[in-house]
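Hi there,

Here is the structure I promised to pass on to you. Have a look at it first, and then read my notes below.

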Amino acid sequence: MSQNSFSEKLQVSVGSSNGNGASSLNWLPTSGFLQESQGMSLHLKQDLEEAYHRLLELSGKVEDMISKAIRSLASRDTVLANEVIAQDAVVDKVEVRIEEECLKMLALHQPVAADLRRVTTMMKINNDLEHIADLTCNVAERVNDLVQSPAFPIPELLTQMAEEATSMVRESLNAFVNLDIDRAYSVIKSDDNVDQLNVEVIGQLHALMNENENWIPPAVSCFSASRSLEQIADHAVNVAEDVIYMVNGVIVRHRHGQAE
Amino acid sequence: MKRILVLSLCWLAVSVFAGVFGARYIHSIDTQKAELQIERDAVTLKQIVASGDWGNPLDIDPKWKTIESDLEVAAILVQNPSQSSGTAIPQTAWSLAASNGRRLIHSVPLENQAQLLQVTKVIADSVLLRGWWFAWLGLNVAAIILAVLGVRAVRKESLHYKLQLQPWVEITETQVHAGTETLLPKTSDATGSVATAMQRVGKYVNRAFLEQKAANARGELVLGNLREGVLAVDAEGRVLLANLSFCKLLNLHQEPSLLRPMLEVVRIPAISSMVKTVMQGQKTLEQDIELGNPPTYLTVTASSLPMRKGKPGVLVTVRDETMVKRVELIRREFVANASHELKTPLAAIRAYAESLQLGAIDNRETALAFVNNIITQSDRLNNLVQGMLQLSRAEVGGALNYQEFDAIEALKPCLGGSEALASQKGIKLVVETPDAPLILESDKDSFQTIASNLFSNATRYTDEGGTVFVRLFERASDAKEGEASTEPQVILEVEDTGVGMKQEDLERVFERFFRVQRDRSADTGGTGLGLSMVKHLVQALDGSVVATSELGEGSKFVVSLPVKRKAS
C-alpha cells in the first residue's frame, strides 16, 4: 500500500512539475472543507462529514432539477416538468434533515471559530438550496401553463437567462466545494448580467403582449418564470457569499462594490 | 561524539592500568636491587665491625656511611635485638627517606650472637620510576593532542565533503525533474570517486524514473483521449481518476480531483446513487441519463473495481449516445413519413375507384374526371417511387456518366417544367446566364435533376407575385497567396422571395421527407425528397451545396460544381 501511494505521489509530482495541461491528475490533499481544524473532536468530525455529504447530494439534486426544469421549458415537456415538481418534496425532506443535523452539532459540540463557520455556512447554503428548489418548481409549473398556447414564442433571451442562472448555481457550488473565493466573486459579478437579461426579457414580453391579446396569459407565465430565474441567480449569489464568509470570515453581503 | 567519548574512556583506563602496573614493576625491581645492595652493605659492615675498626662494637655510635651516592646506609649494633630502634639515624637521612625514598632495614647477626647489626638503608626513588611516570604522562599528552588534531582534521574533511556534495544533490534534483542526465563536477580529491559512484547510481535511477514517467504519460494519453468518460472511485468514495472525456461529457470543471470525495467532484444524483449501489455489492449497473439543454444522452455504466488491497472501488464509464439517439429519431421519422406519403395518393385512388364502383362509372363525365384524378394520383405515386429509387441510387453514388456539355443549354429544359407553375402563380422568373457557352465536365442528368429540383422548390414555396432568381456563372480558380488554390467552379444560384424558413429547420432541410411545415405538402405537391436528392447528387459530383434563408424573406441555394472532373 505504501509503495502504491508513493508511486501515486510521484506521478502527481511529475504531472505538476511540467505543467502539463493534459494531465487531469493533480495533487490536492482530499477535501478542503473537511480539513481538520485543531482540537476538533472525532464525533464532530464525523457529524460534519455526514452532513456535508448529505448537503452535496442535495446540491446535486437541486442542480439536476434546475437543468431538467429548463429543458422542460425549452421543449414544453410537461412530463419532465412534473418530474421536477415531484422532486421538491424530497428536497424539502433532506433540507429539514440537514438543518436538524446542523442544530444537533451546534448543541452537542458547541463548535468555535472555523468549525462554527463551517456549520453555519452549511445551514445557510442548505436554506438557499431549498429556496432554489422551490423557485425551480415555479419555473416547472409555468411550463404546464405554457403548453396551453403552443404558438407563443418564448423569448430566446429567457433560455439564455436560464442557462446563465444554471451556470451561476453550478459555479457557486463549485466555489463551495473548492473553497474558491475567486470563483465566488465571479458568481457575484455575473448576477448583474442576469438582472440585465431579466429586464430585457420583460421588455420583450411587454412587446408581445401589446402585439396579441391572446398572448397575455403565456406572457405572464413567462414573466413569472423569468422572475423565478432571477431569484435563483440571487440565491446562487447568496451561496457564493456564504462561501466567502466561510473562508475569510468576512460578510460581504450588501457591499459588493467595495468587497474586492 | 559518543564513540569518541567511549574511545577516550577506554584509552584512559588502559593507560592508567599500564602506568600503575609499570610503576609497580619498576618499584619491585628497585626493591630487589636495594635488597641485594643492603645485603652486600651488611656484609661489608660486618667485616668492618669484625675488624674492629669501629672499636668496641658495643660502643659504636650510629654512624652513617655513604656507600653509593644515592643510597645511604646506617648501621647500628643492637645489643638486644628486641630493643632495636632507628632513632639514632641522622635527621638528614630521615628527611631524605621521607621526601623521596623509602627505608629498608636489614639485620645481620654477629659472631657473638648476642649482638645484632641492624643496617638501615634509605633508598631514594629511582630515576627509572620517575622516568617511567614522565614517559607515561608524555605519552598521554601526545595521544590527547593527536586525537584532538585528528578530530579536527576529520571535521574539516567532512565539512569539505558536505560543501562539495550539497550542490550535487541540488543538481541531481533539478535535472531529474527535467529528465536529463546528471553530470557532476569532476574533482581530484576523494570526492571524485564518490561522484563517479553517484553518477552511476543516478543514471540508473534516472532511467527508471524516465521509463515510469513515459509509462504514466502513455496511460494518461490513452485515458485522456478515450471517447468514453472514465471515473474510478475507491471504497471510501474518493476519486482515483477522472479522465478528460468524463469531465467534458458531464460538463465538469477540470479541477484537480485526485483523492477528493466523489460527491464534491461529480454532483450528479444519478451517478452518485449508482456508485452507492455498486459499493453495496451490486456487480454492474447501466443507466441512461439526460443532461443539460439541449440534452445530451449519456449511457452510464458502473461496475465494481477490484483493488490490489482492501475493499473494491467503483469504475464508472460514460458513453455519449446523443448521435445514436438522433439517428434513431431520423430513421423513425423517415419510416413514418414514407408510409404517410405513400398512403395519401393510394387513399385517393381507392376513393375514386370506389366511387366509380358505386355507380359513378355510368356518368361518363364524372367517370372521366375520376379516372383523370386516378391517373394524376398514380403519377404522383410513381414520382414518389421514382424519387425514392433515384435517391437511393444517388446515396449509393451509382454510375455517373461524365461528359462535357454546355451548362446553359442543359439548364433550359429544366426551367420549362417550373415556368408553367410560375406563370400560373404570377411569379417572375429572372434567369441570368453568361453569353458564352459554359462547358462543364460532369453528369448531365444529375445536373439537370439538381437544377429542376431547386427550381420547382423555389416556385412552389414562393407566394404569388414573388420573384425567383436563377444565376449560372463560372468562378475561376482564385489562387490567393497562402491559400490552397481552388479548382474553377460552376456556380448555380437559385434565390427566391418566398416563405423562407427558420435557422433550426435549415439544418434539417436536406433530410429525406423533411418538411418545414407538416401540412405544407398537400397544397404544393412535393415529394419531400427533392433537396435530399440534390444533396446526394452534388456530393457524388464532388460539389457542395449551401442553403441560406430568412423566415418570411426567402431562401437561397448555392450549388457549386467543379468544372473539370476531379482526377481520381
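Let's start with a helix in chain B. Helix α8 of chain B covers residues 322-360, which makes 39 residues. From its first C-alpha to its last it reaches 54 Å, close to the 57 Å expected at 1.5 Å a residue. Which residues of α8(B) are buried? They are Thr322(B), Asn337(B), Ala338(B), Glu341(B), Pro345(B), Ala348(B), Ile349(B), Leu356(B) and Ala360(B).

Now for chain B as a whole. The chain has 14 helices and 16 strands. Of its 568 residues, 37% are buried. If you take the contacts in chain B between residues at least 6 apart in sequence, 60% of them join residues at least 24 apart.

Please keep in mind that this is a predicted model. Its scores are ipTM 0.74 and pTM 0.57. For chain B the average pLDDT is 77, and 78% of the residues score at least 70. Where pLDDT is low, the predicted coordinates should not be read in detail.

Next, a pair of helices in chain A. Two packed helices are described by the angle between their axes and the distance between the axes. Here the pair is α5 (residues 156-178) and α6 (residues 181-211) of chain A, whose axes come within 9 Å and cross at roughly 165 degrees. Angles over 145 degrees count as roughly antiparallel, so α5(A) and α6(A) are roughly antiparallel to each other. The crossing of α5(A) past α6(A) is left-handed. Where do the two helices meet? The residues on the α5(A) side include Leu157(A), Met161(A), Ala165(A) and Met168(A), while those on the α6(A) side include Val187(A), Val194(A), Leu197(A) and Val201(A).

Is Thr136(A) buried or exposed? Its relative accessibility is 1%, and buried means under 20%, so Thr136(A) counts as buried. Leaving aside neighbours within four places in sequence, Thr136(A) is in contact with Met65(A), Ile66(A), Ala69(A), Val84(A) and Ile232(A).

Happy exploring!

Best wishes

Conventions. Residues numbered from 1 in each chain as written. Chains lettered and ligands numbered in written order. Predicted model: local features only at pLDDT ≥ 70, side-chain atom pairs only at ≥ 80, totals over all residues. Heavy atoms only, no water. pLDDT = per-residue confidence, 0-100. Helix = DSSP H or I, 4+ residues; strand = E, 2+ residues; numbered from the N terminus. Expected span 1.5 Å × (residues − 1). Buried < 20%, exposed > 50% of the residue type's maximum accessible area, 1.4 Å probe, protein only. Axes fitted to C-alpha atoms, helices over the stretch in contact; angles between N-to-C directions. Parallel < 35°, antiparallel > 145°, perpendicular 65-115°, else oblique. Left-handed = near helix turned anticlockwise from the far one by under 90°. Contact = heavy atoms within 4.5 Å.
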